[in-house]
Amino acid sequence: MIHLQNIEKVYRTSTIETLALNNINLDIKKGEFVSIMGPSGCGKSTLLNVMGLLDEPSKGTVQLDGQPVMKYTDKELAKLRNQKIGFIFQSFHLINDLTVLDNVEIPLLYRATNGKPRQEYAKEALAKVGLSNRMKHFPKQLSGGQKQRVAIARAIVGNPHIILADEPTGNLDSAMGNEIMTILQELNNEGATIVMVTHDEQMAKRTHRLIRLFDGTQVV
Amino acid sequence: MIAHLFKLIWNKKKTHSLLIVEIWASFMVLFGLATLIVVNVRNYREPLGFGYENVWAIGLKANQDTVGIADKLQRVQQRLRAYSEVESVSRMGSNVPFSSSQTNNGIEYKKRKILADFYATDENFAKTLDILVPLGHWYRNADSVGKYTPVVINQNAKEELFENENPMGKIIGDRFKVVGVIDNFKAKGEFMSNKPAVFELAKVDATWVDTMLIKVKPGTDAAFEAKVVKDIAAMVTGWSVEVDYLTDMRKNQHNLVLVPIIIALIVCSFLLINVALGLFGVLNLSIAKRRGEIGLRRALGATADGISIQFIGEIWVLATFALLIGLLFAAQFPLLNVFDVNAGTYVTAILIAMLIIYGIVTLCALFPSRQAANIQPATALHEE
Ligand SMILES: Nc1ncnc2c1ncn2[C@@H]1O[C@H](COP(=O)(O)OP(=O)(O)O)[C@@H](O)[C@H]1O
Ligand SMILES: [Mg+2]
């Protein structure tokens with residue numbers, strides 16, 4: 001599903017050069033639930049961004065569904081992100097000026113989906129995360145766990161095969177974290193491929209496979 | 001996507017209210033200015049209705065002299081006609097074309113009463129000013145028989161008084177008999193609106209008909225002007241003689257219209273530049289604040305161009321809100337007929353003002369929206 005080969009990512013600023021990823025070789029199979037762990041600053045987010053086609057590696061090749069994406073245009077990459085990948089972030093990244101329903105509809109705005117079915121899909125996605133009764137609320141009126149469930153609904157509304165979650169439980173207490181983890185496991189059971197960055201060993205244990213990073217290098 | 005942007009802006013209307021008021025105010029000012037300009041452009045495109053090249057106005061004032069004024073005026077006219085440089089001479093009241101003086105009177109025909117500009121002239125007036133008379137003829141002294149004074153009216157007066165009726169030979173305002181109809185007569189220059197005008201044959205003994213319009217041969221210069229002034233002064237001692245070229249008077253009339261418009265244009269430009277800079281600043285700031293959202297949208301499938309278009313779209317939505325409010329106000333002018341300006345002029349002015357507003361907000365949004373498109377999604381998401 002996702003194939004990374006000899007990935008290297010260097011961040012250059014005028015003063016320093018950071019080697020965020022160093023010779024990463026990874027193969028994420030269809031239907032897998034993989035977790036990534038490692039100390040802060042070791043390159044976990046960078047790795048997820050490279051997989052999610054949000055960031056270009058300095059070296060190496062990225063393949064999605066067997067297709068190398070290195071030569072893709074911005075438009076083609078945007079289309080792949082929209083159709084194949086769902087993102088979940090530690091800080092939720094909800095748009096505060098939009099209702100829950102409008103937030104969940106956003107990925108569908110970037111494809112030609114009509115207003116009516118768009119709302120239907122968004123409502124279905126919200127039902128899946130148990131937030132049907134919060135559709136007209138604004139993000140500010142929700143708890144952290146509820147916000148993250150909205151973000152999950154947004155990630156799955158377009159039926160992507162791959163879900164990339166960057167510390168989805170990092171801002172939540174353990175009860176809420178468990179709730180989120182349960183939803184992710186359900187999605188995985190329904191066939192979604194999930195890659196999740198986490199600091200929590202307990203969460204990692206509930207996934208199929210664990211990848212450990214240290215200073216940009218894969219150690220397990 | 002448009003509905004999405006409307007929602008986004010609508011939900012943020014409080015933060016944007018100042019901007020909306022600014023855009024609305026700019027629209028109102030632009031609408032006023034555009035109306036002024038459209039009115040004048042429309043007037044300008046209406047033909048003037050007479051020729052003014054090589055026509056001089058000679059104003060005569062008797063001052064202390066009280067003896068035989070009318071007779072002296074007639075002699076001056078005859079003397080002027082005798083010069084080989086002079087093609088035609090006409091005697092009229094002081095409201096010569098492009099002058100600042102004007103005379104108007106109410107006039108009536110079959111209960112239809114209008115206000116018209118009145119000119120007391122003689123039989124040479126049409127010839128001196130190259131006025132064509134499509135219907136009937138310019139009055140002659142011989143037309144003055146019985147108790148009626150012959151008059152010529154312009155097309156505008158004809159339409160308002162007679163509509164489709166034939167005006168020839170009709171009596172208007174008790175003592176005037178129509179002998180001819182001319183097209184336009186816009187005495188105050190091209191920017192004047194085409195108004196009803198009535199020309200009556202002046203009585204030869206009217207002492208107040210004391211201005212001579214002379215049409216000189218092309219190329220006649222100031223030396224001749226000096227000679228004329230000297231000759232007249234010798235004929236009528238104690239009188240003052242003043243010569244004005246109609247071409248110069250026309251320029252003065254134009255300046256009277258154009259100068260206020262130009263001042264308004266300059267003031268308006270400053271206002272718009274101010275609003276534009278404010279808008280630009282607000283947009284730059286809002287994009288800096290919304291880096292996270294930009295990164296997120298890219299992650300969810302927006303292209304760099306899509307982000308750029310979104311920001312321009314948002315400002316258009318904002319402008320549309322402001323313009324809708326502005327339209328509510330602007331629409332009152334044609335609906336209530338506040339000034340004597342036709343609805344088409346207002347509609348044109350509204351469209352022009354809207355176009356300029358959209359143009360300005362687009363220009364202001366162009367650079368910030370490009371900045372937004374260049375934001376790296378991974379970096380932007382990383383920051384929060
Ligand atoms: N946009 C960037 N510019 C410069 N350095 C960056 C950027 N993004 C990440 N880094 C650096 O790359 C390294 C890995 O970062 P990141 O992948 O965010 O780590 P993690 O998610 O594991 O905490 C860190 O040293 C970080 O400072
Ligand atoms: Mg991170």
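Analyst: A helix crossing is left-handed if the near helix is turned anticlockwise from the far one by less than a right angle, and right-handed if clockwise. In this predicted model, the crossing of α3(A) and α4(A) is right-handed. Helices (H or I, at least four residues) and strands (E, at least two) are DSSP runs, numbered from the N terminus.

User: At what angle do helix α3 and helix α4 of chain A pack?

Analyst: Two packed helices are described by the angle between their axes and the distance between the axes. Here α3 (residues 100–109) and α4 (residues 115–128) of chain A pack at about 120°, with axes 9 Å apart. That makes α3(A) oblique to α4(A).

User: Which strands pair with β8(B), and in which sense?

Analyst: Pairing takes at least two DSSP bridges between two strands. β5 (residues 135–136) of chain B pairs antiparallel with β8(B) over two bridges. There, B:Leu135 partners B:Val181. β6 (residues 149–154) of chain B pairs in the parallel sense over six bridges. β7 (residues 171–172) of chain B runs antiparallel to β8(B), joined by two bridges. B:Lys177 of β8(B) is the bridge partner of B:Pro150 and also of B:Ile171.

User: What conventions apply?

Analyst: Residues are numbered from 1 along each chain as its sequence is written, and chains are lettered from A in the order in which they are written. Local features need pLDDT of at least 70, and side-chain atom pairs count only at pLDDT 80 or more, while side-chain values use heavy atoms, without hydrogens and water.

How values were computed: Axes fitted to C-alpha atoms, helices over the stretch in contact; angles between N-to-C directions. Parallel < 35°, antiparallel > 145°, perpendicular 65-115°, else oblique.
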